[in-house]
Each structure stands twice: as C-alpha cells, then as structure tokens.
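Here is a walk through one model, strand by strand and helix by helix. Have the structure open and follow along.

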Amino acid sequence: MSNEPVLQVKDLKTYFYLDDNQVARAVDDVDLTVRAGETVALVGESGSGKSITSLSIMQLINKPGKIVDGEISLLGRNLLDLSDKQMTKVRGNDVAMIFQEPMTALNPVYTVGNQIIEVLRKHKKMSKKQARLRAVELLKLVGFPRAEETIDEYPHQLSGGMRQRAMIAIAISCDPKLLIADEPTTALDVTIQAQILDLMSKMKEQLNMGLLLITHDLGVVAEYADRVLVMYGGQIVETSPKYDLFKGPKHPYTQGLLESLPSVHKELNRLGTIRGTVPPAHKFPTGCRFSSRCPHVMEQCLEKNPDLIDIEPERSVRCYLYTGDEGAKHGGDRRETSHSN
Amino acid sequence: MAAIEEKQVIQTDQESIVKIEDLKKYFPIKGGILKRTVGHVKAVDGVTFDIRKGETLGIVGESGSGKSTLGRMILRLLEPTDGEILFQDHDITHLRNKHMRPFRKDMQIIFQDPFASLNTKMSVEQLIEEPLLVQTKLSKKERKEKVKELLEKVGLRASDRLKYPHEFSGGQRQRISIARALAINPKLVIADEAVSALDVSIQAQVLNLMSDLQDEFGLTYLFISHDLSVVKHISDRVGVMYLGRLAEIAPKKNIYEDPLHPYTQALLSSIPDTDVDRERDSVHLDGDLPSPSNPPSGCAFRTRCPMAHERCAEERPELQEVKDGHYVACHLYDE
C-alpha cells in the first residue's frame, strides 16, 4: 500500500457538553488514515462514535458538540484551520459524503438532475448546458438505464436503491479524493445492498478515491474493506488489515462481536454474547472503556485506559492483554470469550 | 407438464398449530375525486403453509414481500381478503372479536421497534400486567408475583417493574416486550423483525433468550425477518417470500445448503459474509422489486430471474413438493 494518504486524522477529540455540566466524550483520541484507492471500514455498534467521527471530518458538528482537539488533514491541508467559507468549498469537492437514508439526504422538491447540476455549477463553474450533459453522464455511470429521463424525475419517483445511486452520482460529480459513506446500505434490502456496494467499489477503483466506509455490518466489512478500524466507546480499540482481523481478532470486544454474529455458512447452537450494554458517552467507566463488559477484565483495566499499541505491522490493539507477556497467552484465541449471557 | 393441483396442502407428520390456505390480502388503491378503487396492492397473494407445534418457522423476504402482512393476518390484526386460517383446527378466518378473544390468549406478537410498541406512560409492571388483567382471573397479588417472575425469566430484575420504558436500552425493552408476550402462556409467538433494531451483541442476547424460552415453555415461533443469517440461526424450517407469494419452503438445511428457487439462490449469494476465506459469489441480482400493485404476469420473479423462459411469463408456478418436505414454486422443477 504505497499510495499517498488522502486523509490523516490525528488525536481527534469531539466532545458534547450536556446541560448538567456533564461531558460526553463521543470521539476521544481517534487516529485514522485513508489512502488513495483504499477502503477503510470504521465498524462499531450504536453509540461507538463512528458517525460522529465522520461528521467531524466534514466539520458538520453542531452545538453542544465541539471538536476539542486534533488534526484532520485532507491532502496535506488541516481542515480545522479553514474558515467556514473555505470549508464549504472542500465539502462536495475534495471530500463527499453518502448517508444512510437517501430520502432525507436528497431534497424532495428538486429533481435529481437539479441536485447534481447545482453541485457542478457551484464547484466546477460549469454552464447550465455543460452541467446537464455531465449530469446525464454521471447518472449513466451509476447505472440509470434511462438517464435522460431520470434527470427530470423527483426523488420520490425512485426506489430506495435508485435514490442511493443518485446520491452516489452527486457525491462523485466533482471527482472527490475521499468518499465517506455512513451506513450507505443499512436501509436497503440485501439484493439492492449488493448492487450499491459493488457500484461504490467500482467507482472507488475508477476514480482512485479513498473510501471511508462506516458500518455496523461485519459482513459488509469482510467483503468490501481493505483495512478495518473497530470503535468502541468513542475510541479505536483495534486496527487491522481485513483478513487478519477476521482470522484472529485481538481485542476482546472484536472477539465478542464476531462470536455474536449468526452466519448463513456456519451452524451454531448458541451465539456468543457480550454481557451488558454500551454505556452512554458521559458515563464511560474509568480505566478501559470496555472493562464493564469484558470477560478478561483485570485490575489494571479498572485503573487506567490502555493505549493503542502496535502488535504487528499494520495491527494495533488497545488492551492490556497484549502488553508484556500476556499477549502470547491470549493472542487470537477466540474460544475464550464468554458464552454466558 | 406437471399436474398442478389447485390448493396444495403441505403434508406433515407432525401436528400443526396453524394452517393457512391460499391466504390473500389485497389493499385497495383509491384514486380520483370519488376515491374509487382503481387497483389493488396484492400484499399477500395466495400463500399456503402450516406451522408445526414446537417448531420455529422462519419467513424471510425483502421489503414489500408481504411477510409482515402475513403475520398480522394470522393474528387477525388484519382481515384476510380471501383464504383460510386454521388455529389448532378451528377456522378463525372470520371469527368476530368476541369469539376471537379466547384464541388471542394463545397467540402473541413481538414487534420490531421496542421504542414504539411499549406505551411510554405505563410502568413495566403495568405493561406486563395488562394482558393478565384482560385474559386471566388472577388476583392482584398473583399478578404482581407473576410480573416479578416473568421479569426474572427474561433476564431483568424484579425491581425493574417500577421503572418506565425510557429507562431501558433497546435490548432491555425488547426483553420487556417478550415478558409481556409470554405473560398469558401463549402457544404461538409471532416475532416480526424482533431483533432487527438491535446491535449484534444485544441481538445475540435476545436470540439466545428466545431459544431458552422456547425450550422452557414449548413455544412455537413464526419468526419473520429480512435477515437470512438470523433466520438460519433460529429456525427449523424456512419459507422465502417474494412479492406476496411463497417462492420456496423447506427444512432449514435444504434452504441454505441446497436452495432450489433462483430467488433464494440469489438472496443467499447477496449476503455479505464474515468468512474471508470463502470464495465470493459475484452473481448479484439486477433490478428492483416490482411494484406489488402491478406484479409481472406469470412468475413474479421472472423480471429479475437469470433462468426465466417463455413459460414463466405465461403461467404462474404453483408450490410443488420437489423433495421430501421441500416445496418450490418454479417452472424449472416442472416434470
């Protein structure tokens, strides 16, 4: 992977200041890198901070939320130094985003064509005529067979899958270097999901974009990602190339997640579970944030939050099991996770 | 040409708790100034199967396949347009509310969204007590005892009974829904996307709980879901629906290891899987689900089917038994 990094996030902290003087540390010390042509998956359950991370990159965080610290560098430029006006030029141009619900992301009172043309006119300074021609081209590219007609249709006239295709057309209209897709297929049926993910991969290849794929679905990660970042409690707890992660997850949370997943290709009598639930972001335990649910919890886990440490090239994990000698003992052994409820 | 029987009743060696025959639900589409009926959405269009005592029958399908409508008709929450529903050999298709009530005791439903299905103004105790109040003659003290017992059965604390739904997480709320459903000892529980809104680690907890309760109380489940992996995990038999019709129904092993209907095959190859060593199926279905108000002639799946031939447009395939207990509605398997 010798490609240039497109996005580099360092020590990102996004906090929410709640009414009663409490602070929800929704994103806390997140580092991530996306290179050109690479798909990086950010996985986690609800409340893990994965969406807040993506919104922070786009600087779409509103009060009471605030990016407290860190660096977000896109093509070498720190986005946190930009003015609102400069940032508006970056959004939709160098970096574009696709959301889960295409019906709410698209404007219902404008035609699909209008919404693509608007972006092209604004960012690419095209004439109306040029922009319209390009919009038809883009719609064809994302798989609209009757693009000349679809361009004048409204979002409600399209099915869910077709709306998401239209979103992709808008997103790639200005040849972004980075595409952020936040649960892009969660609202779609499986057969349509496969179509959309195939399309996104194809576009990524063709345009040599970096793709940051945010999802809760480990199956999607296994099929489409190159590298995986697992988030829990606002922090990255494990990073790994895809293959290694699914072959030998290191962090007890990743292990638990994989154990709890039913599969169409495996026969399991009983699913593994992770006890308890994700604590809310203003009530993380002191020490390791997973300690309240971890089957391997030790004394030191309750005292101090472990750092994300490198254990192999391209792999890191935030867990005391892998500091010192203990790593050898627990490394990659998935059978040890708790089966009790 | 196969001899296609008009109404095929699926033969079973086990006792069935529910039998539905050629069940249909058409929703009228109103149009024009006079709001005349201009067409019908054929949400369920002739479905026949039975649910056997003690089993879990999984029903999978994409949105618009009619799986939820089907579940609601069995509970008589929706009136069928045509067809027959037998519950323990009693025809309940047209029973009036008063006569339906004794049967309601035996059938319960768990919905997808525990945030919407629990009344936020009622305490957990009131929520679970309500069905006991309606359906049993237990004294107040007995009811309170039963609530405590149920809470513990579903993995909550007896002291939780005084709390309100907003104080619980999604997984815990679904446990409350389960406790409420089980309060009056139903025989059949219909779970309509019951774990779809939950995170995987919580989903696993609830699925395990449902399996335990099934063993303990001898429950029969109709498990409706869009998620093929979850359905595989929990079911004994699986039915696959497409556009209001049953495409295939068979024991779980057959469906997942030897799917016969091209739609089932396509569905299975579309699911992303975490086995990174497995070879990828790159055959993904083209196109969208057609509108149920204007389904294709003949076989509803033919517009997306890679194997479609002339006959598929002309004649609707009926469900036929191809192997032991394995039924499929596809012309590829005609004699």
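This is a predicted model: local features need pLDDT of at least 70, side-chain atom pairs count only at pLDDT 80 or more; totals for chains, interfaces and linings use all residues.

Helices (H or I, at least four residues) and strands (E, at least two) are DSSP runs, numbered from the N terminus.

Residues are numbered from 1 along each chain as its sequence is written, and chains are lettered from A and ligands numbered from 1 in the order in which they are written.

**The sheet in chain A**

Chain A has an open sheet of eight strands with mixed pairing, in the order S6-S7-S8-S3-S9-S10-S12-S11. Strands count as paired if DSSP finds at least two bridges between them. Strand S6 (95-98) and strand S11 (309-312) of chain A are the edges, each pairing on one side only. On average, and ignoring direction, neighbouring strands in this sheet are turned by 25° against each other. Angles run from 0 to 180 degrees between N-to-C directions, and axes are lines fitted to C-alpha atoms, for helices over the stretch in contact.

Helix H7 (residues 160-172) of chain A packs on the sheet and touches S6 and S7 of chain A, its direction making about 170° with that of S6(A). Touching, or being in contact, means that the C-beta atoms of two residues, placed from the backbone, lie within 7 Å.

| Strand | Partner | Bridges |
|---|---|---|
| S7(A), residues 178-182 | S8(A), residues 210-215 | five |
| S3(A) | S8(A) | five |
| S3(A) | S9(A), residues 227-232 | four |

A:Val40 has a bridge partner on either strand: A:Leu212 in S8(A) and A:Arg227 in S9(A).

How many residues of strand S3 (residues 39-43) of chain A are buried? Five of its five are, where buried means that 20 or more other C-beta atoms lie within 10 Å of a residue's own, exposed means 12 or fewer, and partly exposed is in between, with C-beta atoms placed from the backbone. In a regular strand the side chains alternate between the two faces of the sheet. In S3(A), A:Thr39, A:Ala41 and A:Val43 are buried on one side, and A:Val40 and A:Leu42 on the other.

Further along the sheet, A:Ser240 lies in strand S10 (residues 235-241) of chain A. Why does A:Ser240 count as buried? Because A:Ser240 has 24 C-beta neighbours inside 10 Å. Leaving out residues up to four places away in sequence, A:Ser240 touches A:Val228, A:Leu245 and A:Arg315.

**Where the chains meet**

Chain A puts 40 residues into the contact between the chains, and chain B puts in 35. On the chain A side, helix H8 (190-207), helix H9 (218-224), helix H10 (242-247) and helix H11 (252-259) each supply at least two residues. H8(A) gives the most, with seven residues. By class, the chain A side has 16 nonpolar, 16 polar and eight charged residues. Ala, Val, Leu, Ile, Met, Phe, Trp, Tyr, Cys and Pro count as nonpolar, Asp, Glu, Lys and Arg as charged, and the others, Gly among them, as polar.

**A helix pair in chain B**

Helix H4 (residues 124-135) and helix H5 (residues 140-153) of chain B pack at about 115°, their axes 10 Å apart. B:Glu125, B:Ile128, B:Glu129 and B:Leu132 in H4(B) meet B:Arg143, B:Lys146, B:Val147 and B:Leu150 in H5(B). That makes four nonpolar, no polar and four charged residues in this contact.

In chain A, a cis peptide bond joins A:Lys63 and A:Pro64, with omega about 5°. A:Pro64 sits in the loop between helix H1 (50-57) and strand S4 (65-74) of chain A.

In chain B, B:Asp22 is not a glycine, yet has a positive phi of about 45°. B:Asp22 lies in strand S1 (residues 16-31) of chain B, and is partly exposed because 16 other C-beta atoms lie within 10 Å.
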